[in-house]
Amino acid sequence: GSAHGVTFGADGNLYTVSEKSGQIMGYDPSGAASLVLAGLRGHSILARPDGGLYVTSNGEKPSDPGTVWLLKDGKKTRVDSGLKFATGMAYRPDQWLLAVVDGHSKWAFSYQINADGTLLNKERFFRLHVADWDDDAGAESACYALEGQLFVATRSGVQICADDGPTQVVIPVPDRGRVTGVCLGGREFDTLFALCGD
């Protein structure tokens, strides 16, 4: 269904978002599809433990702000706006902070999460490494390590940000290409997976 982002919910279902179709879809373990919401051209999606979903979206024109939405009980609520280009999201392991990547800049924002899923205390927190003459790290997706570091897929590789914000390490991929997806997995969550163009 032209999915752009995917997440697994607490119910075991796979949820997808599409910039092309504007549909949020759910897929049960057998693969049966159901429409969750129509009319939201989303970029990234992240499941909440309570069954809700966060979705980032961007406007039709480059000057339109990026937005973060909360989807719950069939309704969508705008929980933030004003990013240059909202891309990936990740929870801290303790799930009280949400990081949202601003894809056309060198920043990722940090938010505190209220019990109802709304966001507060927005802070431009994680500074990504870019060349001196550039302001766009090309950041696309993010994930957290269990120890609290934020991993971000960028144009220069996987950037690892310290718990207090700055990039500590940049891991390039073998062909020095752009990384568009990143996650930690494996039995002990100690294996880094990076999705690259080729």
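Author: The secondary structure of the protein chain comes to zero helices and 18 strands, where helices (H or I, at least four residues) and strands (E, at least two) are DSSP runs numbered from the N terminus. The radius of gyration of the chain, taken over C-alpha atoms, is 16 Å, close to the 16 Å that the globule rule (2.2 Å times the number of residues to the power 0.38) gives for 198 residues, so the chain is as compact as a globular protein of that length. This is a predicted model, in which local features need pLDDT of at least 70 and side-chain atom pairs count only at pLDDT 80 or more, while totals for chains, interfaces and linings use all residues. Residues are numbered from 1 along each chain as its sequence is written, and side-chain values use heavy atoms, with hydrogens and water left out.

Along its principal axes the C-alpha trace spans about 45 × 40 × 35 Å, and 47% of the 198 residues count as buried, a word that stands for under 20% relative accessible area, against over 50% for exposed and in between for partly exposed (1.4 Å probe, protein chains only).

Within this chain, strand β11 covers residues 107-113, and six of its seven residues are buried, so β11 is largely enclosed by the rest of the structure. On one hand, β11 pairs with β10 (residues 97-102) in the antiparallel sense over six bridges, two strands being counted as paired if DSSP finds at least two bridges between them. Within that pairing, Tyr-111 of β11 is the bridge partner of Leu-98, and a hairpin of four residues joins β10 to β11. On the other hand, six bridges also join β11 to β12 (residues 119-127), again antiparallel, with Ala-108 bridged to Phe-126 of β12. This second hairpin has five residues between its strands, and Gly-117 in the turn has a positive phi of about 95°.

The neighbouring side chains come next. A nonpolar core is a set of buried Ala, Val, Leu, Ile, Met, Phe, Trp, Tyr and Cys residues joined through side-chain atoms within 4.5 Å. The largest one has 15 residues, of which Tyr-54, Val-68, Met-89, Leu-98, Val-100, Tyr-111 and Leu-119 touch the most other members. Two or more residues of this core come from each of β7 (66-72), β8 (75-83), β9 (86-91), β10 and β11. A second, separate core of 14 residues includes Ala-90, Val-101, Phe-126 and Leu-128. In a regular strand the side chains alternate between the two faces of the sheet.

Finally, Lys-106 lies in the loop between β10 and β11 and is buried, with a relative accessible area of 17%. Apart from its neighbours within four places in sequence, Lys-106 is in contact with Phe-126, Arg-127, Leu-128, Val-130, Asp-135 and Ala-137.

Conventions:
Contact = heavy atoms within 4.5 Å.
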